[in-house]
Structure formats: structure tokens, C-alpha cells
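We will go stop by stop.

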Amino acid sequence: MTATAEMETRGEAARELLRAKLAGAEGVCVTCSFQAEDMVVLHLAREIAPDVPVIFLETGYHFAETIAYRDRMTAEWGLNLINVASAQSVAEQEAEFGILNRTAPDRCCAMRKVGPLFRALEEYRVWVTGLRRQQSKSRAHLQVEESFALPSGHVLEKLNPLAEWTTRDVWQYAETRGIPLLPLYELGYVSIGCEPCTSLPTDPNDPRSGRWGGQKLECGIHLQGQ
Ligand code: SF4
């Protein structure tokens with residue numbers, strides 16, 4: 001089977017899963033960082049549910065390019081975008097606690113990503129992500145279908161339709177469907193989050209080696225709630 005045929009086979013499997021779970025369903029959302037995987041899974045999900053809520057974690061620390069791309073794609077695709085933010089602005093947080101992304105990134109992620117997302121997810125029952133096993137050793141055991149318990153006890157069905165996809169699958173899908181990608185990839189970034197915590201990868205075999213200066217792999221939103 002050619003690489004393109006493999007990608008199309010994976011695409012059809014993802015489509016089937018999303019059709020089964022999303023068609024006519026209430027309480028579904030997609031989280032989107034506007035990286036390539038999320039654009040692919042969003043493209044697939046919107047074939048079935050064009051108005052699906054798209055949750056973006058507006059941490060206040062994103063690259064200007066990410067925000068510009070988010071706004072461009074929201075307009076071009078007519079996305080039902082929901083910007084989820086922390087209760088404190090960046091200025092308020094830095095005035096009270098200093099620059100936590102330098103001194104205590106886990107705490108910063110908890111305040112600007114994990115807490116706001118978990119609160120937002122309370123009103124949904126199905127959560128679609130663009131996570132893939134190949135992205136990180138911390139994602140090696142990712143399943144296509146999982147359950148996820150929030151700290152409140154509310155349990156969501158978490159769907160990772162691209163769990164088995166390769167990086168090549170993602171880029172081929174985007175290319176064949178004419179999906180423009182975040183311009184930061186052209187500068188050599190391969191995993192893109194908040195600007196202070198994202199650099200070019202230090203290990204070509206580890207796509208997330210440019211995140212948090214190698215100090216950690218996950219912000220916490222994909223770790224099971226406690
Ligand atoms: S990725 Fe960095 S800036 Fe963004 S919330 Fe986490 S620690 Fe803060």
C-alpha cells in the first residue's frame with residue numbers, strides 16, 4: 001500500500017469514528033491549538049458537525065502568528081470558536097506571582113490552561129482531540145477512545161481519532177485537502193505552544209524536545225484529572 005493510500009485508510013477510519021459519535025449528537029467539542037493535527041481532526045469533524053464548538057486555550061502567551069492564524073482560519077472556515085481564558089490576565093498574574101513560566105511552569109500551566117479547560121469541559125460529554133502516539137513518549141499508550149474524569153467527577157468520552165497517525169499522514173492529509181498550516185512550521189518549529197515555552201526542537205527524533213526547554217513534556221490538560 002502506498003503512503004497516500006495508508007493515509008486515506010486512516011482518514012476513513014477517523015471519519016467513521018467521528019460519524020458514529022458526532023452525527024446528531026449534543027455536547028461535543030473539539031479542542032484546538034491550531035497546530036497541524038488539530039486542523040486535520042477539525043477538518044474531519046466539521047464534515048459531520050460543521051458547528052462543533054472549537055475550544056482554544058487563550059493563555060495570553062501565544063505567538064502573534066498563532067493568534068493571526070487562529071483568526072484567519074476562524075473566518076475562512078466559519079468556526080464556532082470558544083476562547084477559554086484564565087480568570088487573571090497575564091499582567092495581573094505576573095504582578096501577583098512574577099513570571100511563572102520561568103519559575104514554576106507547572107503552576108502557570110495549571111492557572112492558564114488546565115484549570116480553565118477543565119472548567120470549560122464540564123458542559124460537554126464528548127471531547128475530540130488531535131493527539132497522536134508518535135508526538136511524545138508521554139503519549140505512547142494513547143487510545144483512540146478513552147474516558148476522562150474531570151476533578152469534579154464528571155466523565156467525558158475522549159476521542160483521539162488520529163492516535164495511530166504518523167506525522168507524514170498529517171502533512172499529507174493537510175496537503176491533499178488544501179489546509180494551510182500555521183506559518184511557524186516554516187521556521188522549523190514542530191510542536192508549538194505558548195511563545196515563552198516553545199523553541200526549535202533540540203532532538204530531531206523528539207518533536208516535543210523544544211517545549212518547556214526540555215523540562216517537561218505536558219502542560220497537564222491531557223493527564224487524567226485527579
Ligand atoms: S505553556 Fe508556558 S506560558 Fe503557557 S501556560 Fe504553560 S507555563 Fe504558562
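Which residues are buried in helix H7 (residues 167-177)? Select Asp 169, Val 170, Gln 172 and Tyr 173: these are the buried ones. A residue counts as buried if 20 or more other C-beta atoms lie within 10 Å of its own, as exposed if 12 or fewer do, and as partly exposed in between; the C-beta atoms are placed from the backbone. Helices (H or I, at least four residues) and strands (E, at least two) are DSSP runs, numbered from the N terminus.

Two notes before moving on. This is a predicted model: local features need pLDDT of at least 70, side-chain atom pairs count only at pLDDT 80 or more, and totals for chains, interfaces and linings use all residues. Residues are numbered from 1 along each chain as its sequence is written.

Stay with H7. Then step just past the end of H7 to Gly 178, which takes a positive phi of about 70 degrees.

**The sheet**

Now show the strands. There are 6, forming an open sheet in the order S3-S2-S1-S4-S6-S5, with mixed pairing. Two strands pair if DSSP finds at least two bridges between them. Strand S3 (80-84) and S5 stand at the edges with a single partner strand each, so one side of each has no neighbour in the sheet. From one strand to the next, the twist averages 30 degrees.

Select S1 and S2. They run parallel and are joined by 2 bridges. Val 30 has Val 54 in S2 as its bridge partner. Bring back H2: it packs on the sheet and touches S1, S2 and S4. The direction of H2 makes about 155 degrees with that of S1. Such angles run from 0 to 180 degrees between N-to-C directions, and axes are lines fitted to C-alpha atoms, for helices over the stretch in contact.

Go to strand S5 (residues 145-149). How many of its 5 residues are buried? The count is 0, and the strand is hardly covered. S5 runs antiparallel to strand S6 (residues 155-159), with 5 bridges between them. Click Glu 146, then its bridge partner in S6, Lys 158.

**The cores**

Next, select Val 30, Val 40, Val 41, Ala 45, Val 52 and Val 54. These have the most contacts inside the largest nonpolar core, which has 41 residues. H2 gives the most to this core, 7 residues. A nonpolar core is a set of buried Ala, Val, Leu, Ile, Met, Phe, Trp, Tyr and Cys residues joined through C-beta atoms within 7 Å.

Centre on Val 54. Beyond neighbours within four places in sequence, Val 54 is in contact (C-beta atoms, placed from the backbone, within 7 Å) with residues including Val 30, Cys 32 and Leu 42. Another core, of 5 residues, lies apart; Cys 108, Cys 109, Val 114 and Cys 219 are among them.

**The ligand**

Show the ligand. Of the 13 residues around it, Pro 105, Cys 108, Cys 109, Cys 194 and Cys 197 come nearest. A residue is near if its C-beta atom, placed from the backbone, lies within 6 Å. Helix H6 (residues 105-121) supplies the largest share of this shell, 5 residues.

**Last stop**

Select Phe 34, in the loop between S1 and H2. Phe 34 has a positive phi of about 70 degrees although it is not a glycine. Is Phe 34 buried or exposed? Phe 34 is buried, with 23 other C-beta atoms within 10 Å.

Terms used:
Two residues are in contact if their C-beta atoms, placed from the backbone, lie within 7 Å.
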